Amino acid sequence: VGLRGSVVRAANIAPLITELNFTCSRCSSEVAVTTVEGRFEYPASCPKKCRFARFTVNRDKCRAIDWQRIRLQEDFAELAAGNSGGAAQRRMPRTVDCDLKRSLVGSCVPGDVVTVYGIIRCM
């Protein structure tokens, strides 16, 4: 889907965790867990079948990518062109939040007119 509009807000750049590494407190074995959109669950069991294992996160072995959220607002020119009825059909311009990852982070600032192509996901 492609959306064209003006960037009205750009959040700070933040890390998005893609892989977490856990260590078993009993046997010190490591377990890597891949995250989905930054969401994760602790491992259910130790790979060496330790009973009552507790896990701690190895921050040094975790992987992350750059991530940024922008807010895109539809263009006023396109909004006015679509409303040929005049003042009776005025409405607020619609906005949508877009997540930028990896090389797209920092590629636009508020005030830029951009076309974003991507996947729409309901949150």
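Predicted model: local features only at pLDDT ≥ 70, side-chain atom pairs only at ≥ 80, totals over all residues.

Trainee: Okay, how many helices and strands does the protein chain have?

Mentor: The protein chain has 1 helix and 7 strands. Going along the sequence, the pattern reads β-β-β-β-β-α-β-β.

Trainee: And what percentage of the residues is buried?

Mentor: Of the 123 residues in the protein chain, 24% are buried. The accessible surface is about 9,200 Å², and carbon and sulfur atoms account for 51% of that.

Trainee: Let's switch to aromatics. How many aromatic pairs are there?

Mentor: A search of the whole structure turns up 3 aromatic pairs. One of them is phenylalanine 22 with phenylalanine 40, a tilted pair with 6.2 Å centre to centre and 40° between the planes.

Trainee: Is phenylalanine 22 buried or exposed?

Mentor: Phenylalanine 22 is buried, because its relative accessible area is 0%. Phenylalanine 40, at 39%, counts as partly exposed.

Trainee: What else does phenylalanine 40 form an aromatic pair with?

Mentor: Tyrosine 42. That pair is edge-to-face, with 5.8 Å between the centres and 65° between the planes. Tyrosine 42 itself counts as exposed, since its relative accessibility is 51% and the cut-off for exposed is over 50%. Put together, the ring pairs link Phe22, Phe40 and Tyr42 into a cluster.

Trainee: New topic: pockets. What volume does the largest pocket have?

Mentor: The largest pocket has a volume of about 760 Å³. Its lining is made up of 24 residues, and Asp97, Cys98, Asp99, Val116 and Ile119 are the ones nearest the centre.

Trainee: Which strand gives the most to that lining?

Mentor: E6 does, with 6 residues. Strand E5 (63–73), strand E6 (95–101) and strand E7 (113–117) each supply at least two lining residues.

Trainee: How many of the lining residues are nonpolar, polar or charged?

Mentor: The lining of the largest pocket has 15 nonpolar residues, 6 charged ones and 3 polar ones.

Trainee: Now some single residues. Where is glycine 106 found?

Mentor: Glycine 106 is in the loop between E6 and E7. It counts as partly exposed, given its 45% relative accessibility. Glycine 106 is also 39 residues from tryptophan 67 in sequence, and their C-alpha atoms are 9.1 Å apart in space.

Trainee: And serine 29, is that buried or exposed?

Mentor: Serine 29 is in the loop between E2 and E3. It has a relative accessible area of 10%, and anything under 20% counts as buried, so serine 29 is buried.

Trainee: What is serine 29 in contact with, leaving aside its neighbours within four places in sequence?

Mentor: Phe22, Thr23, Cys24, Cys46, Pro47 and Lys48.

Definitions and conventions. Residues numbered from 1 in each chain as written. Heavy atoms only, no water. Phe/Tyr/Trp six-rings, centres within 6.5 Å; stacked < 30°, edge-to-face > 60°. Buried < 20%, exposed > 50% of the residue type's maximum accessible area, 1.4 Å probe, protein only. 1 Å grid on protein atoms, 1.4 Å probe; cavity = no way out; pocket = protein on both sides within 12 Å on 5 of 7 lines; lining within 4 Å. Points joined across faces, edges and corners; volume = space filled by probe spheres on them. Helix = DSSP H or I, 4+ residues; strand = E, 2+ residues; numbered from the N terminus. Nonpolar A, V, L, I, M, F, W, Y, C, P; charged D, E, K, R; others polar. Areas by Shrake-Rupley, 256 points an atom, 1.4 Å probe, with all protein chains shown as cover. Contact = heavy atoms within 4.5 Å.
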